[in-house]
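These are my notebook entries on what I looked up, written for someone who has not seen this structure before.

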Amino acid sequence: MSYIIGIIATIVALMISVALHELGHMIPAKKFGVYVPQYMIGFGPTLFSRTVGDTEYGIKAVLLGGYVRLAGMFPPARQGVPTRNRKGRLTLAEEARQASAEELPEGREQQAFYTLSVPQKLTVMLGGPVVNLLMSIVIFAVIVLGIGFNQPTTTLEAVPACIGTDTTTCSKEHPASPAHEAGLRDGDTITSWNGASVTSWEEVVSAIDTGGTQPVEVVVERDGTPHTFTVTPTLIAGSPKAGIISAVERVPGTPRDVADISWKTFTGTASIVMVLPKAVWDTGAQLIKGEPRDPNSVLSVVGVGRIAGEVSSQTPPAAGAPQISVLDRIALLLSLWASLNMALFVFNLIPLPPLDGGHVAGALWEGARRTFNRLLNRRDPGAADTARLMPLTYAMVSLLLVMTVVLVIADIVNPIHLL
C-alpha cells in the first residue's frame, strides 16, 4: 500500500508543479492583456472544466502534463512571404498562423500574444520555468532548514560484540569488538579518546586513526557519570577499528547549504540535459542488448514514480537493505520533487520550439532585430515570424515523443532501483 502511496504522491507532485508552471505563464499574460481561452491540467478527454471570465479551467484524463493556451502566438505573414508550397497547399507556417488567428474572437485582435513587447514576451515565457526553479529552492529549503541532516554524534548507538555483525559468535572475518571487550556499551557518550577531548564523531574517528592499534584510554559518560576504559583497536583492511557505531541526530542546515544543494542540482541536471539524446540512446541500447541499466541514467516519469514507491515502501526490495525512518522517507520524496522541478526548469529553457526556451529565443531574436533596425534608423520589422519554425517544432515533438517512449519502456522492463 505504501508503494502505491509513493506513486500517487509523485503524480500529485507532478501535477502541482505543472499547474504552477502554467500559472507562471498565464498570470503575466493576463496582466499584459493577452486573451487566454484555456488553462488545462493533463491531456486527452476533459474530465472537468469551468469557465471563469474568458478562460476555461479544467482537468483532463491523462495527468502527465498540462498547458495554457495563449491566443495569437503567431503574427500574420509579412508581405512577400510565401504561404503556399509548390503543390499549392498551405505551408506549415501558414496553417499555424491561421489557427492562431482563429483563436482570437472578432474585435480582440489587439489581445494577441504576438502584439506584446519583447520584455513582456520574455516575462510570460520565462514565468513558467522560473516558478519551477523557485519551487525547487523552496522544497530544498524545507528539507535542509526544516527536516535537517542526519549527523553522527559521540553517543554510541551500538557496541556489538563482533565487528560487522549482530551475532555474538566472532570469527576471523568478524573479530571481537575491542570497545565491547573493554566495557563500552550502547548509549555511552565518548568525551575523551587517548587523552584528547572529543566533541564530534569526526574527532573520534581521527583519534582512532591517529592512535593506531596501541592501547588507549577512553572516557565515556554513562548515566551522568564518567567512566574510563582501555581500548586496543584492531587492524581491519589496513585501518584501526574500535568496533563502535555512532548514534545520529537530526541537525538543521543553513541557507548556504540550501544554495549549495540547489546549485549542485542545477549543474547536475544541466549536464544531463546537454547530453540527453545520447543518454536516451545509451538507455535504449542497454535495453535492446539486455545489459544492466546504468544507475545514473535518465528517468521518465514512470521511473521517478517507481523510485518514489520504493522510498515510501516499508520493505526495501533489496535483501538486507537498511530500513529508513519515516522522516527520512519524507525528505527523500521531497528531494525527488525538488529535483523534478529543477529538471522542468532546465529542460524548458532549451532554446528550441515548442519548449519555452524556443519562444524565449524567438523573443530575443525579435528584440535584437528591432534594436538593430532602430540604431540604423530603419523601419520597425515587427514581431518575429516564429511560425516559420513549425517544421522544427514538429521534428522536436517527434524526437521528444520517441525519447519518452524509450525511457518509459526502459523504466518498466529494465528499471533502476534506489534501495
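I began in helix α6 (residues 255–274), where Trp263 and Phe266 are three residues apart and so are separated by about one helical turn; helices here are DSSP runs of H or I with at least four residues, strands are runs of E with at least two, and both are numbered from the N terminus. Before going further I noted that this is a predicted model, in which local features need pLDDT of at least 70 and side-chain atom pairs count only at pLDDT 80 or more, while totals for chains, interfaces and linings use all residues. Residues are numbered from 1 along each chain as its sequence is written, and side-chain values use heavy atoms, with hydrogens and water left out.

**Aromatic rings**

I took rings of Phe, Tyr and Trp (its six-membered ring) as a pair if their centres lie within 6.5 Å, calling planes under 30 degrees apart stacked, over 60 edge-to-face and the rest tilted. By this rule I found four aromatic pairs. In one of them, Phe43 and Tyr67 are stacked, because their ring centres are 6.2 Å apart and their planes stand at 15 degrees. Phe43 belongs to strand β1 (residues 38–52) and Tyr67 to strand β2 (residues 55–69), so this pair ties together parts that are 24 residues apart in sequence.

Trp263 and Phe266 also pair, at 5.5 Å centre to centre and 35 degrees between the planes, which is tilted. Together with Phe345 they form one aromatic cluster. I then looked up accessibility, where buried means under 20% relative accessible area, exposed over 50% and partly exposed in between (1.4 Å probe, protein chains only). Trp263 is exposed at 54%, whereas Phe266 is partly exposed at 27%, and Phe43 is likewise partly exposed, at 36%.

**Enclosed space**

I searched for cavities, meaning sets of points on a 1 Å grid over the protein atoms alone where a 1.4 Å probe fits but cannot get out, with lining residues having an atom within 4 Å of a point. The structure holds one cavity of 30 Å³ or more, and the largest cavity has about 110 Å³ of space. Its lining includes Met73, Phe113, Lys121, His359 and Glu366. Helix α10 gives the largest share of that lining, four residues.

**A strand residue**

Is Thr154 buried or exposed? Thr154 sits in strand β3 (residues 149–158) and is buried, with a relative accessible area of 10%. Counting heavy atoms within 4.5 Å as contact, I listed its partners beyond four places in sequence, among them Asp188, Ile190, Val198 and Trp201.

Note on methods
On a 1 Å grid over the protein atoms alone, a cavity is a set of points where a 1.4 Å probe fits but cannot get out, and a pocket is an open set with protein on both sides within 12 Å along at least five of seven lines; lining residues have an atom within 4 Å of a point. Grid points are joined across faces, edges and corners, and a volume is the space filled by probe spheres set on the points.
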